[in-house]
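Here is a short briefing to read alongside the model. Take a look at the chain first, and then we can walk through its helices, salt bridges, cavities and surface together.

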Amino acid sequence: MSLLVVGLSHRSAPVSVLERAALPADAQIKLLQDTVAAEPAAEAAVLATCNRIELYADVDKFHAGVAELSTLLAQHSGVGLEELTPYLYVHYEDRAVHHLFSVACGLDSMVVGEGQILGQIKDSLAKAQDLHTAGRLLNDLFQQALRVGKRAHSETGIDRAGQSLVTFGLEQLSAGAPVERWARGKRALVIGAGSMSSLAAATLARAGVAEIVVANRTPDRAERLVQILTEGDDTDVLARAVPMESVPVELTRADVAVSCTGATGLVLSADVVTAAVEGRTGETLARAGSVSPSGDDSHPAAAGRGDLPPTSLGAEDGCPLDLPAVQATAGFSVLGEAAVAGMAASDLEQHAAWVDNGTPRQQGSVPAPAGTVVVLDPAEEADAIAALAATAAVIGRVPERRRPEPVAGIPRPEPALFLLDLAMPRDIDAAVHRLGGVRLVDIESLAETSADAPMAADVDQVRRIVSDEVTAFGAALRAAHITPTVVALRTMAADVVANEIARLDGRLPGLDDKQRGEITQTVKRVVDKLLHAPTVRVKQLAAEPGGAGYADALRTLFDLDPETVAAVSRAVNDSENSKNRGPA
């Protein structure tokens with residue numbers, strides 16, 4: 001049998017595909033049961049997190065195993081096999097071990113070095129044990145992965161290289177400000193009471209939020225989380241539990257909300273979020289200086305806007321240039337050549353004469369009121385007018401040279417509500433990204449902003465640990481494969497000794513118990529010494545790459561019964577599985 005993993009993650013598939021392929025708890029159970037019922041697989045475990053879905057199995061045929069596991073993933077995820085296949089990856093034997101160990105160390109996480117994956121691996125193993133789909137191979141593999149992950153975090157600085165997805169998400173919400181300063185005094189709503197939501201609640205409590213409201217479909221779990229938050233020694237946060245039906249109302253009071261549930265549909269729609277921020281964004285817009293709260297254009301923020309009355313220059317009589325009309329034309333400015341583009345030569349000459357006549361204008365050192373256009377004095381403007389007049393004399397009209405002024409971006413109000421969606425599939429409608437006054441961070445936006453290789457020295461050190469552990473695990477696995485053969489050989493030798501002692505009793509019936517015991521021990525010592533060196537050496541050789549053939553050689557040399565070896569192997573596996581799988 002051989003280890004095989006088929007899966008997809010944020011590294012191989014877009015978030016939209018991951019979201020559709022997400023497996024709820026009941027689908028994971030059915031997938032495990034169907035996998036071990038399939039012909040190629042003897043064991044199975046599912047690792048399903050926010051950004052990965054992986055199916056591990058012990059299979060006897062590689063190609064049949066890949067086909068079967070891929071088909072099962074497609075069936076239970078609801079994504080068609082043809083659509084899913086381009087995003088799947090396959091790892092086999094040592095590469096599969098290397099992959100899981102890397103995942104356990106946080107090297108394959110969206111946020112490199114995050115430690116929450118260890119809890120998710122532990123949960124995956126527990127689920128497979130409860131369903132009796134994990135045998136000796138997957139038990140040993142997942143337990144060793146947990147040890148490797150803990151070793152990486154204790155012996156290296158990988159914890160400094162990354163953080164939990166919750167912490168990373170809160171840092172994105174705070175837009176670069178320290179999370180503690182950003183969170184202090186805010187009211188928080190946490191939707192869900194699972195491991196991720198609990199971590200979010202604890203992180204917000206330590207960051208200094210004033211209140212945390214926990215909403216969950218199971219009231220007992222929400223109450224339990226509230227109890228943990230309020231009884232903690234490191235925080236003094238106020239916390240209370242509410243039913244899921246209260247979420248829309250609680251959202252209107254909240255400053256920040258974190259959602260991570262197992263729901264298959266949206267928990268927060270765009271309409272619910274819009275209603276929650278209604279009345280908040282108007283104040284924010286006023287502070288941003290976009291619109292006067294009273295609608296009065298005398299507000300300083302209104303200065304220079306395009307909706308001002310005509311400028312003082314355009315109000316003067318005698319100028320042939322209709323400045324108010326020009327101002328209303330998109331792409332034209334009252335300054336420079338664009339203002340007179342398309343004007344006839346005769347009109348331009350009238351404009352020049354009007355300037356030369358010294359008609360009163362806004363000039364001199366006295367600052368013009370905000371929103372008016374300042375005209376240069378005639379001496380400074382003469383050269384420009386002369387050049388335009390010369391051009392107009394040749395072609396009859398001033399050339400059309402539109403120079404649109406830069407379009408000012410529409411100011412987006414400062415966020416009045418911060419939302420963090422850590423669920424897969426998503427809990428919060430993606431349309432919320434377009435709402436003013438709301439900042440939404442979800443798995444997709446986290447994937448776009450996450451760094452792949454922070455603190456390279458620590459990451460390299462963890463990679464070396466993973467490589468060493470994979471080698472050791474492979475050696476132990478190969479050595480374990482020969483153990484039933486060695487046990488069968490020693491069992492055969494013990495039977496030979498017992499038969500020969502019985503034959504000796506028939507030939508020498510006068511031996512007393514002491515003499516018979518000495519002879520029996522002597523024969524056993526001889527047999528043990530003869531078998532010790534070859535059995536130790538064959539275990540060493542079998543642990544090396546390509547050492548699987550030594551078990552076959554041993555069975556052939558000593559003419560061991562294959563059924564005897566298989567029976568020993570089954571007995572060993574049954575013993576290991578009874579210890580690892582837990583209660584039925």
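Helices are DSSP runs of H or I with at least four residues, numbered from the N terminus. This is a predicted model, in which local features need pLDDT of at least 70 and side-chain atom pairs count only at pLDDT 80 or more, while totals for chains, interfaces and linings use all residues. Residues are numbered from 1 along each chain as its sequence is written, and side-chain values use heavy atoms, with hydrogens and water left out.

**Salt bridges**

- The count comes to 20 salt bridges, where a salt bridge is a side-chain nitrogen of Lys or Arg within 4 Å of a carboxyl oxygen of Asp or Glu.
- In helix H13 (residues 247–253), Arg 253 and Glu 250 sit three residues apart, about one turn of the helix, and their side chains meet in a salt bridge at 3.4 Å, N to O.
- Glu 250 is buried, with a relative accessible area of 10%, whereas Arg 253 is partly exposed at 33% relative accessibility; buried means under 20% relative accessible area, exposed over 50%, and partly exposed in between (1.4 Å probe, protein chains only).
- Glu 155 pairs with Arg 151 in another salt bridge, with the closest N and O atoms 3.0 Å apart.
- Because Glu 155 and Arg 151 are four residues apart in helix H7 (residues 136–155), about one helical turn separates them.
- Both ends of that pair are partly exposed: Glu 155 has 44% relative accessibility and Arg 151 has 27%.
- Arg 490 forms a salt bridge with Asp 528, the closest N and O atoms being 3.7 Å apart.
- This pair links distant parts of the chain, since Arg 490 belongs to helix H20 (residues 456–507) and Asp 528 to helix H21 (residues 513–543), 38 residues apart.
- Arg 490 is partly exposed at 30% relative accessible area, and Asp 528 is partly exposed at 40%.

**A mostly covered helix**

- In helix H5 (residues 94–104), eight of the 11 residues are buried, among them His 99, Leu 100 and Phe 101.
- Just after H5, Gly 106 takes a positive phi of about 85°.

**Cavities**

- There are four cavities of 30 Å³ or more; a cavity is a set of points, on a 1 Å grid over the protein atoms alone, where a 1.4 Å probe fits but cannot get out, and lining residues have an atom within 4 Å of a point.
- The largest cavity has a volume of about 100 Å³, a volume being the space filled by probe spheres set on the points, which are joined across faces, edges and corners.
- Of its 13 lining residues, Thr 49, Asn 51, Glu 114, Gln 120 and Leu 165 are the closest to the centre.
- Helix H6 (residues 116–130) gives the most to the lining of the largest cavity, with three residues.

**Towards the end of the numbered helices**

- Leu 557 lies in helix H22 (residues 549–557) and counts as exposed at 69% relative accessibility.
- Pro 562, found in helix H23 (residues 562–580), also counts as exposed, at 58% relative accessibility.
- Pro 562 and Thr 485 are 77 residues apart in sequence and 8.8 Å apart in space, C-alpha to C-alpha.

Terms used: Helices (H or I, at least four residues) and strands (E, at least two) are DSSP runs, numbered from the N terminus. On a 1 Å grid over the protein atoms alone, a cavity is a set of points where a 1.4 Å probe fits but cannot get out, and a pocket is an open set with protein on both sides within 12 Å along at least five of seven lines; lining residues have an atom within 4 Å of a point.
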